[in-house]
Amino acid sequence: MTHIIEIKNLKKYFSNTKAVDDISFSVEEGELFAFLGLNGAGKSTTINIIVGVLALNSGECFVNGFSIDERQKILPDIGIVFQSSVLDKNLSVYDNLRYRAMLYGMSKKEFEENLKFFSEKLEMKEIIKKQLSKLSGGQKRKVDIVRALLHKPKILILDEPTTGLDPKTRRLVWDMINEFRKTTNLTVLLTTHYMEEVSIADNVVIMDGGKIVAEGSPLTLKNKYAKDYIKAYKYDEKILAILDKANIPHNKDKKCLEIKFNDTEKAKDFLVEYSALFNDIEIVKGSMDDVFLSVTGKELKETV
Amino acid sequence: MNKQSEFRKLTYLTDRNIKLYFKDKMTFLVSLITPLILLVLFIVFLQSAYEDSIFSIINGFELDQKLIDAFTGGWLFSSVLATSCITVSFCSGMMVIDKINKANIDFMVSPVKKSTLQLSYVLSNLFSTLIVVFVLLAIGLIYLACVGFYITFVDFLLIVFNIIITSLFGTVLANIIWTFTSSQGVVSGVCTLVSALYGFICGAYMPINTMGEGMQHFVSLLPGTYATVLFRQGFLNGVLNEMNKTLPNEMVEGIASGFDVKMSFFGHDVSTLGLILVITISTIVLLGIFLLINCLKKKKKQK
């Protein structure tokens, strides 16, 4: 596996605030890599350093084998979708894409071919001549994504791409991205607040206060930091005394009894031992919310 | 990235900036209407006052009314052009608008050099200003053709050169200021200040010799004053030559001095070439400052 992005001991300070505090990580070619964190955790600062919008204070940062000091060599391989559209609202979709495409040295023929490809793929033909300000939120996001992919980059950076979008449009955006990941070896670097987006990532970095507090695949993180649950809907009341005696955390409400375990093995052993006391159960794997809460002590609200 | 492709990017960015500026029809109309309103106000309120000044100088000599109308018309229109080259250039820049809309970040993450982007702002600002000012010039020439037209081909070339160099001067000055701000409030404030103040301190709204001595010395230190006098020469040289056929030379000289067709710098007459050199060198110096600021900003970012 090749490291397409490699960050070593990266530090970025804004006067006395440590926005990014000595972080290191690498992104493999073709993977979906997610940054998870609250506002101000350092996610966007890290991305802004990678794309050269911000200068670093210390550390090393390599993209596609080049140091970020060589911006002109890095940027042709990067496409970025910002949280809100940065395209020209008074220009048509066509003009917006044409002016941006030409900055990548594309010929007119190449631009027209790529535009045809994307407009067919994303059913954009009817909006190509429209002014950007006249489009809906979902249509604008489509244009943002086409702008980022038009020059066929190796790395797609998505800075909270679905924040503020309705669930249907969020699904549409992810369908598009997944489609391109399937057909190309596109590396996706994602920052998000949405757990459902993080859970499909190959690797996740959780940031808090400018530091990386946890990293790994969603499964690894869940196994390491989230507790598994047994949810019992029909059970013998004797189990409550057993749980109290064994000091196993549990919670009983009208619907079910929820029993927490540190890992799946312990849950399985408990079930085997006391199977006679349970009639209707399910084992629930800990969620990324639990992981985040466990490693940061903070709750990640999806409405952030 | 070779120079040819960087030049291509420059042309596309410049084209984009101009298109964006003129896409907003109201902006273009306001840019055009403001100087025209100024011209109308000049004609309505000041023309008769300037006619009286001419009569007081010629003191009883006969002078064709057409020549007087051509002189006052040319004087008033040169004032409008002298201020418009600067005020339009301050109000037609895209740099701050891009900062406000965050389009500049989109360009920062595109493979385009910062210097190319900055140059595109200056060029598009200049071309947008020139488009507006040349439309104004066409309207002014039609107006002069109606009241009395004495502009020679050489004078016309002088006017065109002066429009280009003064617009470039205003554009570079504006872009130096815009480099340090990303606030629409600052832009509006500076535009209002320039629109209100510039006409007075460049000697466009009133003849320099009607100002106090200290103010006369102050305005003679500003490059904009030299551009105004160049416009006066372009529009009025022909009328003065025509006046010379019926009036004594001293009187024509008196009119020329009284209405800033001639300029002195602390008692020394400044020739037409001198005027051209002052405004051209000032523009080159401003360009140097603009480049220096951008180099320093780039170095600061790298640190």
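Into which domains is chain A divided?

## Domains of chain A

Chain A is divided into domain 1, which covers 3-89 + 151-221, and domain 2, which covers 227-284. The model described here is a predicted one. Between the C-alpha centres of domain 1 of chain A and domain 2 of chain A the separation is 39 Å.

## The six-stranded sheet of chain A

One open sheet of chain A is formed by six strands in the order β6-β7-β8-β3-β9-β10, and its pairing is mixed. The edges are taken by β6 (78-81) and β10 (211-216) of chain A; each has a single partner strand, so one side of each is left without a neighbour in the sheet. On average, neighbouring strands of this sheet are turned by 15° against each other, with direction ignored. Helix α8 of chain A, residues 218-225, lies across β9 (203-208) and β10 of chain A, and its direction runs at about 105° to β10(A).

## Strand β8 of chain A

Within this sheet, strand β8 of chain A spans residues 187-192 and is mostly covered, with six of its six residues buried. Both faces of β8(A) are covered. On one side the buried residues are T187(A), L189(A) and T191(A), and on the other they are V188(A), L190(A) and T192(A).

Two parallel pairings involve this strand. Strand β3 of chain A, residues 32-36, runs parallel to β8(A) and is joined to it by five bridges. L36(A) has T192(A) in β8(A) as its bridge partner. Strand β7 of chain A, residues 155-159, is likewise parallel to β8(A), with five bridges between them. Here I155(A) has T187(A) as its bridge partner, while L158(A) is partnered by L190(A).

## The four-stranded sheet of chain A

A further open sheet of chain A has four strands in the order β12-β13-β11-β14, with antiparallel pairing. Its edges are β12 (250-252) and β14 (278-284) of chain A, each having a single partner strand, so one side of each is left without a neighbour in the sheet.

Strands β11 (residues 228-235) and β13 (residues 257-261) of chain A run antiparallel and are joined by five bridges. In this pairing, A232(A) stands opposite L257(A) of β13(A). Helix α10 of chain A, residues 264-273, packs on the sheet and touches β11, β13 and β14 of chain A. The direction of α10 makes about 25° with that of β11(A).

## Overall form of chain B

Chain B contains twelve helices and two strands. Along the sequence, these elements of chain B follow the pattern α-α-α-α-α-α-α-α-α-α-α-β-β-α. The radius of gyration of chain B is 21 Å, close to the 19 Å that the globule rule gives for 303 residues, so chain B is as compact as a globular protein of that length.

The C-alpha trace of chain B spans about 70 × 40 × 35 Å along its principal axes. Of the 303 residues of chain B, 41% count as buried. Among contacts in chain B between residues at least 6 apart in sequence, 88% join residues at least 24 apart.

## A buried residue in chain B

I163(B) is placed in helix α7 of chain B, which comprises residues 153-179. Why does I163(B) count as buried? A residue is buried if 20 or more other C-beta atoms lie within 10 Å of its own, and I163(B) counts as buried because it has 24 C-beta neighbours inside 10 Å.

Not counting residues up to four places away in sequence, I163(B) touches L81(B), C85(B), L130(B), V133(B) and L137(B). I163(B) and I131(B) are 32 residues apart in sequence, and their C-alpha atoms are 11 Å apart in space.

## The contact between the chains

How many residues does each chain give to the contact? Chain B provides 22 residues and chain A provides 19 residues. On the side of chain B that touches chain A, the elements giving two or more residues are α1 (3-23), α5 (103-108) and α12 (272-302) of chain B. The largest share of that side, eight residues, comes from α1(B). By residue type, the side of chain B that touches chain A divides into nine nonpolar, four polar and nine charged residues.

How values were computed. Residues are numbered from 1 along each chain as its sequence is written. Chains are lettered from A and ligands numbered from 1 in the order in which they are written. This is a predicted model: local features need pLDDT of at least 70, side-chain atom pairs count only at pLDDT 80 or more; totals for chains, interfaces and linings use all residues. Two residues are in contact if their C-beta atoms, placed from the backbone, lie within 7 Å. Ala, Val, Leu, Ile, Met, Phe, Trp, Tyr, Cys and Pro count as nonpolar, Asp, Glu, Lys and Arg as charged, and the others, Gly among them, as polar. Domain bounds come from an automatic or database domain assignment. A residue is buried if 20 or more other C-beta atoms lie within 10 Å of its own, exposed if 12 or fewer, and partly exposed in between; C-beta atoms are placed from the backbone. The radius of gyration is taken over C-alpha atoms; the globule rule is 2.2 Å times the number of residues to the power 0.38. Two strands pair if DSSP finds at least two bridges between them. Axes are lines fitted to C-alpha atoms, for helices over the stretch in contact, and angles run from 0 to 180 degrees between N-to-C directions.
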